[in-house]
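My notes follow in the order in which I looked.

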Amino acid sequence: MKVRIDDLPSEGRTFEVEVEGADLDQALGPDRDPGLVWSGPAQGTITLNKAGRSLRVQGEAGFRFTEPCARCLTEVNQSERAVFDLTKLLGPEPDHPRTHEVRDDEVDEDYLTEPEIDLTQVVLEQVALELPQRVLCTESCKGLCPQCGTNLNNESCRCAQQVLDPRFAMLAKLRKDDGTPTDR
Ligand SMILES: [Zn+2]
Ligand SMILES: [Zn+2]
C-alpha cells in the first residue's frame, strides 16, 4: 500500500494495512523457522505525519502464527505486536562520504527518496524485527530426552538420571559390566 507524501493532510492520517502470510514469507526468506505457519495476515495501523522535511511513521503491527516449541516440538500459538515510532527524512540522501565516526543519533537516519512511502514494506520490516528467533511452549519447558525422545514435560524416562548426572551413569555402567543388578 503506497501513500503519496504530498497527499497527506497537515493533521496527518491513519491507515490500516494488511499483509498476507505469503508476502511475509517472501520478505523473511530462508531465515524463518520452516515450521512457522501464519495464522492470518499481519494487521498494521500506521499514522503518518509530515513535518517539514521529515515524516513521522507511528503505529503497530500485530501478527499471529504457530510454530513448534524449540525444545519439545509441541505446536505453540504465538501472538506478537510490534510497536514503532520512526522518522524518515525526506529528500535525497547526502552523497558526501562520511568522514567522521557515526554518532549515536545518526544511526537511525533513514532517507525516503521516493515521493511515496510503502506501508506494506513498513509492516514487513517491523514483523521481521519483532519475530522471535524461537518459541517455547513455556519458559520452563523440559524438552525431549536426547536419548529416547520422550517429552519430559509429560513423563519421565529411564534415561533421565543418566543425563542429569554423568557420574551416576558411569557408576551404573561399571555395575552392569560387573554383572551386578542395577536396579538398587
Ligand atoms: Zn516445549
Ligand atoms: Zn529418555
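I started with the largest nonpolar core of this predicted model, which holds 18 residues, and noted that V19, A42, I46, L119, V123 and V127 touch the most other members. I then looked up which elements give two or more residues to this core, and found β2 (13-19), β4 (42-51), β5 (54-68) and α2 (119-130). As background I wrote down that nonpolar side chains tend to be buried together in soluble globular proteins.

I took I46 for a closer look and, leaving out residues up to four places away in sequence, listed T14, F15, V17, V57, G59, L119 and V122 as the residues that I46 touches.

Next I turned to α2, where I found L119, V122, V123, L124, Q126 and V127 to be buried. I also checked the length of α2: its 12 residues should span 16 Å at 1.5 Å a residue, and the end C-alpha atoms are 17 Å apart, which agrees.

I placed L73 in the loop between β5 and β6 (75-90), and I class L73 as partly exposed because 14 other C-beta atoms lie within 10 Å.

Last, I recorded the chain as a whole: four helices and eight strands, in the order β-β-α-β-β-β-β-β-β-α-α-α along the sequence. Buried residues make up 14% of the 184 residues, and residues 24 or more positions apart account for 59% of the contacts with a separation of 6 or more.

Conventions:
Residues are numbered from 1 along each chain as its sequence is written. Chains are lettered from A and ligands numbered from 1 in the order in which they are written. This is a predicted model: local features need pLDDT of at least 70, side-chain atom pairs count only at pLDDT 80 or more; totals for chains, interfaces and linings use all residues. A nonpolar core is a set of buried Ala, Val, Leu, Ile, Met, Phe, Trp, Tyr and Cys residues joined through C-beta atoms within 7 Å. A residue is buried if 20 or more other C-beta atoms lie within 10 Å of its own, exposed if 12 or fewer, and partly exposed in between; C-beta atoms are placed from the backbone. Two residues are in contact if their C-beta atoms, placed from the backbone, lie within 7 Å. The expected span of a helix is 1.5 Å times one less than its number of residues.
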